[in-house]
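Reader: I would like to learn how to read a few features of a model. Please take them one at a time.

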Amino acid sequence: MSRNDIFNAASESIPAERQTADQLHQELGFDIPVETVPLPSLGKVYAEDHPLHMAQSVDIRAMTAREEDILTSRALLKSGDMVSRLIGSCLIDKRVDPNTLLSGDRNAILTAIRITGYGADYNVNVDCPSCGTSQVHQSNLTDLPIRALDLDPVAPGINEFELILPATGKRVGIKFTTGYDEKESNATAERKKKQGLTAETSVTDNLFRSIVSIEGNTDKSFISKFIRNMPAKDSLAARMFVNVNEPTVLMRSYFECKNCDHEEELPLPVGASFLWPGA
């Protein structure tokens with residue numbers, strides 16, 4: 001088995017997968033590498049009956065041509081299931097439902113899958129913030145830092161954290177988005193697109209996916225009404241709480257302009273070439 005530079009732990013597969021790997025080695029004459037991926041959430045938000053409860057890492061199998069079929073499936077792309085299907089195909093422990101994972105854990109796994117398939121080099125077009133020159137910027141995905149969860153949930157194994165809003169003083173419960181939330185968001189965006197609607201409610205939609213209770217009240221109708229009428233100061237505080245504390249891979253890269261020598265850390269855009277180089 002091999003391991004990637006961004007991973008620190010040795011890889012171990014479960015017995016059933018080891019048996020399958022041994023069979024493939026005998027038939028094909030080579031091993032499919034297994035990698036250990038650190039989980040930004042540290043498993044703190046997963047219930048006791050979840051396979052990743054309090055788990056700091058998860059094992060994946062390296063991407064193969066089988067996963068490339070998933071990447072090129074128009075049906076999966078249209079349904080919004082492509083990412084979950086890709087993650088599920090590479091996870092060693094098939095008990096794990098990719099849709100239940102935090103978005104940050106999914107991002108860590110996706111980054112690792114991309115590295116196992118096509119390597120760590122990732123080239124993107126960047127416009128220099130100083131001189132405006134457009135150029136190809138090469139980054140190394142193994143250098144991306146991981147922001148681990150530094151907060152404790154309201155109770156062990158629950159994806160909910162407490163925040164006191166600065167304007168209203170209300171105590172709200174906030175969760176970090178999951179694969180299910182991503183799927184719902186994509187479906188909502190697609191539905192609005194077909195109806196000819198714009199993304200005028202993107203702020204409130206995102207808040208509704210994050211805020212799960214207000215002073216202990218979990219009624220969705222009440223939460224929706226509160227969000228639509230909450231002071232902008234409270235809205236900003238809730239969004240900043242998620243932006244600052246969400247466990248994830250930080251998609252940022254150090255940029256040095258070849259034209260004017262400007263240096264700056266910039267957001268790393270994730271386009272089609274991230275999972276499909278040359279797209």
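Reader: Is leucine 42 buried, partly exposed or exposed?

Author: Buried means under 20% relative accessible area, exposed means over 50%, and partly exposed lies in between, with a 1.4 Å probe and protein chains only. Leucine 42 has a relative accessible area of 23%, so leucine 42 is partly exposed. A word on the source: this is a predicted model, where local features need pLDDT of at least 70, side-chain atom pairs count only at pLDDT 80 or more, and totals for chains, interfaces and linings use all residues. Residues are numbered from 1 along each chain as its sequence is written, and side-chain values use heavy atoms, with hydrogens and water left out.

Reader: Where is leucine 42 found?

Author: Elements first. Helices (H or I, at least four residues) and strands (E, at least two) are DSSP runs, numbered from the N terminus. Leucine 42 is in the loop between strand E1 (34-38) and strand E2 (57-61). Its phi is positive, about 60 degrees, although leucine 42 is not a glycine.

Reader: What phi does methionine 54 have?

Author: Methionine 54 has a positive phi of about 60 degrees, and it is not a glycine. Methionine 54 is also found in the loop between E1 and E2. With a relative accessible area of 47%, methionine 54 is partly exposed.

Reader: How many helices and strands does the protein chain have?

Author: The protein chain has 10 helices and 11 strands. Of its 279 residues, 40% count as buried. For contacts, the rule is heavy atoms within 4.5 Å. Among contacts between residues at least 6 apart in sequence, 64% join residues at least 24 apart.

Reader: At what angle do helix H4 and helix H5 pack?

Author: Start with the axes. They are lines fitted to C-alpha atoms, for helices over the stretch in contact, and angles run from 0 to 180 degrees between N-to-C directions. Helix H4 (residues 82-90) and helix H5 (residues 103-118) pack at about 70 degrees, with axes 10 Å apart. Now the wording: under 35 degrees is roughly parallel, over 145 roughly antiparallel, 65 to 115 roughly perpendicular, and the rest oblique. H4 and H5 are therefore roughly perpendicular.

Reader: Which residues make that contact?

Author: H4 contributes Val83, Ser84, Leu86, Ile87 and Cys90, and H5 contributes Arg106, Ile109, Leu110 and Ile113. For classes, Ala, Val, Leu, Ile, Met, Phe, Trp, Tyr, Cys and Pro count as nonpolar, Asp, Glu, Lys and Arg as charged, and the others, Gly among them, as polar. The contact of H4 with H5 has seven nonpolar, one polar and one charged residues.

Reader: What does leucine 86 touch?

Author: Leave out residues up to four places away in sequence, and leucine 86 touches Glu67, Ile70, Leu71, Leu110, Ile113 and Leu275. Leucine 86 lies in helix H4. Its relative accessible area is 0%, so leucine 86 is buried.

Reader: How do the axes of helix H7 and helix H8 cross?

Author: Helix H7 (residues 202-210) and helix H8 (residues 220-229) have axes that come within 10 Å and cross at roughly 140 degrees. H7 and H8 are therefore oblique to each other. Thr204, Leu207 and Phe208 of H7 meet Lys220, Ile223, Ser224, Ile227 and Arg228 of H8. By class, this contact divides into four nonpolar, two polar and two charged residues.

Reader: How many aromatic pairs are there?

Author: Rings of Phe, Tyr and Trp (its six-membered ring) pair if their centres lie within 6.5 Å; planes under 30 degrees apart are stacked, over 60 edge-to-face, and the rest tilted. The count is five aromatic pairs. Take tyrosine 118 and tryptophan 276: their ring centres are 6.4 Å apart and their planes at 85 degrees, so the pair is edge-to-face. Tyrosine 118 lies in helix H5 and tryptophan 276 in the segment after helix H10 (272-275), so the pair ties together parts 158 residues apart in sequence. Tyrosine 118 counts as partly exposed at 29% relative accessibility, and tryptophan 276 counts as partly exposed at 32%.

Reader: Which parts of the chain does the pair of phenylalanine 176 and phenylalanine 241 link?

Author: The geometry comes first: this pair is stacked, 6.5 Å centre to centre, with 5 degrees between the planes. Phenylalanine 176 is in the loop between strand E7 (171-174) and helix H6 (179-194), and phenylalanine 241 is in helix H9 (residues 232-245), 65 residues apart. Phenylalanine 176 and phenylalanine 241 are both buried. Phe161, Phe176 and Phe241 form one aromatic cluster.
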